[in-house]
Protein chains: 2
Amino acid sequence: MTSDYATLPDHVTVQQALDILRREAPDKETIYTAYVVNTQRKLIGVITLRELILAPVGALISELMNHDPIFASVHTSQEEIAALIARYDLMALPIVNDDQHMIGIVTYDDAMDVVEQEATEDFHKTATIGKLESSVKQASVTLLYRKRVFWLVVLVFGNIFSGAGIAHFEETISSYLALLFFLPLLIASSGNAGAQSGTLMVRALATGDVSLKDWSYLLGKECLVALLLGLTMAAAVFGLGIWRGGADIAVVVTLTMVLVVIVGSLIGLSLPFLLSRFNLDPATASGPLITSIADVTGVILYFSIAAWYLNL
Amino acid sequence: MTSDYATLPDHVTVQQALDILRREAPDKETIYTAYVVNTQRKLIGVITLRELILAPVGALISELMNHDPIFASVHTSQEEIAALIARYDLMALPIVNDDQHMIGIVTYDDAMDVVEQEATEDFHKTATIGKLESSVKQASVTLLYRKRVFWLVVLVFGNIFSGAGIAHFEETISSYLALLFFLPLLIASSGNAGAQSGTLMVRALATGDVSLKDWSYLLGKECLVALLLGLTMAAAVFGLGIWRGGADIAVVVTLTMVLVVIVGSLIGLSLPFLLSRFNLDPATASGPLITSIADVTGVILYFSIAAWYLNL
């Protein structure tokens, strides 16, 4: 935000306004948008230099100005400010305090930097990296370590559940070691499908393309998409199942594939909404967290289906 | 791009230029930046309305204008155009054809939309989703299916290598079934560390924070960061190894953890550079692709170390 913005009183003429702007221009961030304030410095209107130049020199600012300017408060996040500037194609957005007194402007070039920074931050979050205050190139080894270690360790403990799932089915596995061949492929597919739907939602929530109330509609659509994906991927592994494990294992693998892709996709779609609902940042959810949850469910589904179908 | 931009000849005075702009303003996208062109419509300078307003009315445009305007060609990608606008805080960027004749401008508000679109596209790519031409909310089931299925199926076949790795070590596994407990945790850690360094690089390459020539410097730094991360995560699983598998398995798991985190991180860091080097989009590399490669290496490293240390 900068406090070097151009203001005008509302009772002056266009000619007087142009003289004021000409006088003030050297010290102002922009003179292309001028803010009309009253004697208490309350924001009552906005007028652009283009409007001033096109207007008759004797017209009054109070008659020409837009009486309903778009503004933000000191409490508005920089992300929302950037979104307002982008939505209304503004050159600058006025910022007011709690008494509606104008205290500064944010210009489009700052907003552009914010859009890029926020995207970078969200990218990093989806890969469980904490907020980096410096560029990757300049970041020190210890800074990078600190921003990355927390979630990596948390996820280690998260993955213990997958391990416990496998350990629980040790008997099933030792009877059919061939089942292990398909384990990475099945849990990765679940995680990959989940990462896809999760990323779609995280980004759509960040850009405002979807909101919390859209969840049930999107869930219904995702069920269909995931079913189609699951069937395609099941078809892709059926032959592999026959070849590596025989007909019985092929059935288990195919059935598991359909189910884990659907379950993974629905987890991926829902987790960002759930986090948003509790005012947590959905970006954290789209990457490794979804994958870890999808892994556990994949392991349990796979070996449960195997134990049931193979009568173990 | 719009072709409704304001042009001035260089031989007019400030007063004449202001009159021209006033006359042309209603039809132009912006009059805050005016482009000075010669009789062949070649771009020879640029001047802002602010500069015109501050200058003496009798001064010549040719004396006031910036003779070295920043411009782009019709062949420049929209991503690069947006980056130029952001870097130089421009309100608009002139576009010239192969003969240096000016043919249009791209304004900052278009550039802002591009920055957001490109970030969305990169987000989707990192989760192996193809370019969506519509919003997620409006996309049909079949469109979403088509944009997601390709990489999911490719990755199924990629993960066959992990399965083959496991199958290769079936003897080791059947002798020490306890090893399976740690499998998800170790390969997920390798993939997660890889996704982190991969995402850092993909985003840094996209924003221009790093370039191809920085690879060796970043690789050296990543070796140190990954070593620290690996040691921390090894410490986190050592106790778990003792508890679930005894001292020998604890040693195998701890050693594997250090190695897979380092290998995963270095793959994650290098793959985006490798793709960039061959003019492929690095964004595709940061998510599931890195995870899949890290998985295979994780499986092979884990069971190789186990077979060696446990004398199998």
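Q: In this predicted model, which residue of β5(B) does Ala72(B) stand opposite?
A: Ala72(B) faces Ile95(B).

Q: What makes β4(B) and β5(B) a pair of strands?
A: The cut-off is at least two bridges between the strands. β4(B) and β5(B), the latter covering residues 92-96, are joined by two bridges, and they run parallel. So the count meets the cut-off, and the two are paired.

Q: Why do β4 and β6 of chain B count as edge strands?
A: The open sheet has three strands in the order β4-β5-β6 (chain B), with mixed pairing. β4 (72-73) and β6 (102-107) of chain B each have a single partner strand, so one side of each lacks a neighbour in the sheet.

Q: Which strands of that sheet does helix α5 of chain B touch?
A: Helix α5 (residues 108-126) packs on the sheet and touches β5 and β6 of chain B. The helix direction makes about 65° with that of β6(B).

Q: What about β1 and β2 of chain B: how many bridges join them?
A: Three bridges join β1 (residues 5-8) to β2(B), and the strands run parallel. At least two are needed for a pair, so these strands qualify too. One place to look is Tyr5(B), whose bridge partner in β2(B) is Thr30(B).

Q: Which helix goes with β1(B) and β2(B) in a right-handed β-α-β unit?
A: That's α1 (residues 14-24) of chain B.

Q: How do you know that a two-fold axis relates the chains?
A: Chain B superposes on chain A by a rotation of 180° with 0.0 Å of shift along the axis, at an RMSD of 0.2 Å. That is the relation of a two-fold axis.

Q: What shows that the same surface serves both copies?
A: Of the contact residues of chain B, 99% recur in chain A.

Q: How many residues are in contact between the chains, with C-beta atoms within 7 Å as the cut-off?
A: 80 residues of chain B are in contact with 79 residues of chain A. Elements giving two or more residues to chain B's side include β2 (30-37), α6 (141-168) and α9 (215-277). α8(B) gives the most, with 17 residues.

Q: What is the make-up of the side of chain B that touches chain A?
A: Its residues divide into 49 nonpolar, 17 polar and 14 charged.

Q: Where do the two domains of chain A lie, and what separates their centres?
A: The domain assignment gives domain 1 (5-115) and domain 2 (151-309). Taken over C-alpha atoms, the centres of domain 1 and domain 2 of chain A are separated by 51 Å.

Key:
Residues are numbered from 1 along each chain as its sequence is written. Chains are lettered from A and ligands numbered from 1 in the order in which they are written. This is a predicted model: local features need pLDDT of at least 70, side-chain atom pairs count only at pLDDT 80 or more; totals for chains, interfaces and linings use all residues. Helices (H or I, at least four residues) and strands (E, at least two) are DSSP runs, numbered from the N terminus. Two residues are in contact if their C-beta atoms, placed from the backbone, lie within 7 Å. Axes are lines fitted to C-alpha atoms, for helices over the stretch in contact, and angles run from 0 to 180 degrees between N-to-C directions. Domain bounds come from an automatic or database domain assignment. Ala, Val, Leu, Ile, Met, Phe, Trp, Tyr, Cys and Pro count as nonpolar, Asp, Glu, Lys and Arg as charged, and the others, Gly among them, as polar. A crossover is right-handed if, with the strands pointing away from the viewer, the path from the first strand over the helix to the second runs clockwise. Copies are superposed by least squares on the C-alpha atoms of residues with pLDDT of at least 70 in both.
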